[in-house]
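Please read the points below alongside the model. They go from single residues to the chain as a whole.

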Amino acid sequence: MTRAVGLFFRDDGEDVDDAGARSLLAALHDAHVAFTLECAAVLEMNKFGTCFADALRAASRGMTQAVCNAMSSASAEAGDGRSAATKRAVGEIWASTEAFKALPKSASAAVARELMRMATFVKDVSSELEELEELGGADDVGLDEDDLRFCDDDFDASELAIGKSIGTFAKACLVLLKALIVPMVKEKTTDLKALEPCVEACGRFRQSVEDLGAGVYPPQDTDELKESLTQAVNSAREMYACVREAGAGDDETKDALDVFVAASEIAEKALE
């Protein structure tokens, strides 16, 4: 159908058959409506969880916008770039179908994908704080004029120690997330009701880690850092409990949690 629209409006001339154009665009509209109703039916079943539903809604919105663009472009005046605009819009429709092909194949896979998305933010924090590991002392730390993350003051020895301990903790956060996610992908019979709260806990976990990453730069507020650290640990324990309740998780998951807790204790001592 989309290919037919692109071919029909391949020229910008005035000789486009009005009745044919109306019929073709009406068919495109009807096909999109039918597909949208199928998506709505899947959502109505409510068997695949919130994460899958959110992904399906996002894909549907993308296709709807692409179809609207095609209808608008094809309805433009001849000689006003109608052909090129319609071809681009048809390409957008084809591109929008990729989002549906990439939809998770199961409810647990949908949860895992959302956790992986959040993990990218934690990875960014971990990568950023790795720079502190290379610093030997307070005298080596200076303001980088091209990096607005630093404040006007340099790190002192205590602040640098805190920054490094938080950096180690951030690495442990990333390892823990991987250990939580991998079993979800492997296990096909996980309990969706137990997994869904894991996403909410991961959202809090991500925010806490980002707050820690931002808070290590001078001037540091140790009280705020302690609070963010505590929230991160609590959220991690929630995630672990959810994964275990869902029937996923293994010895590696437990080992990752132990390493995470040990790293949190080191960071907590540095903040004293």
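**Notes on the predicted model**

1. Alanine 267 counts as buried, because its relative accessibility is 0% (buried means under 20% relative accessible area, exposed over 50%, partly exposed in between, with a 1.4 Å probe and protein chains only). This is a predicted model, in which local features need pLDDT of at least 70 and side-chain atom pairs count only at pLDDT 80 or more, while totals for chains, interfaces and linings use all residues. Residues are numbered from 1 along each chain as its sequence is written, and side-chain values use heavy atoms, with hydrogens and water left out.

2. Alanine 267 lies in helix α9; helices (H or I, at least four residues) and strands (E, at least two) are DSSP runs, numbered from the N terminus. With neighbours within four places in sequence set aside, alanine 267 is in contact with Ser165, Ile166 and Leu229, contact meaning heavy atoms within 4.5 Å. Its C-alpha atom is separated by 9.1 Å from that of alanine 161, 106 residues apart along the chain.

3. Helices α8 (residues 222-245) and α9 (residues 251-270) pack with their axes 11 Å apart, at an angle of about 170°. Axes are lines fitted to C-alpha atoms, for helices over the stretch in contact, and angles run from 0 to 180 degrees between N-to-C directions. The two helices, α8 and α9, are therefore roughly antiparallel to each other (angles under 35 degrees count as roughly parallel, over 145 as roughly antiparallel, 65 to 115 as roughly perpendicular and the rest as oblique). Among the residues making the contact are Leu229, Ala232 and Tyr240 of α8 and Leu257, Phe260 and Ala267 of α9. By class, this contact of α8 with α9 has nine nonpolar, two polar and three charged residues; Ala, Val, Leu, Ile, Met, Phe, Trp, Tyr, Cys and Pro count as nonpolar, Asp, Glu, Lys and Arg as charged, and the others, Gly among them, as polar.

4. Serine 208 belongs to helix α7 (residues 192-215). This serine 208 counts as buried because its relative accessibility is 2%. Beyond neighbours within four places in sequence, serine 208 is in contact with Ser228, Gln231 and Ala232.

5. A cis peptide bond joins proline 218 and proline 219, with omega about -5°. Most peptide bonds are trans. Proline 219 is in the loop between α7 and α8.

6. Which residues touch the most other members of the largest nonpolar core? Of its 68 residues, they are Leu129, Phe169, Met184, Phe205, Met239 and Phe260. A nonpolar core is a set of buried Ala, Val, Leu, Ile, Met, Phe, Trp, Tyr and Cys residues joined through side-chain atoms within 4.5 Å. The helix that gives the most to this core is α6, with 13 residues. Setting aside neighbours within four places in sequence, methionine 184 is in contact with residues including Val111, Leu115, Leu195 and Val243.

7. The chain comes to nine helices and zero strands. Of its 272 residues, 42% count as buried. Among contacts between residues at least 6 apart in sequence, 77% join residues at least 24 apart.

8. Mean pLDDT (the predictor's confidence in each residue, from 0 to 100) is 81 for the chain, and 82% of its residues reach 70 or more. Among its elements, α8 has the highest mean pLDDT (93) and helix α1 (residues 2-8) the lowest (56). Over residues 137-152 pLDDT stays under 50, and the model has 24 contacts beyond four places in sequence for them.
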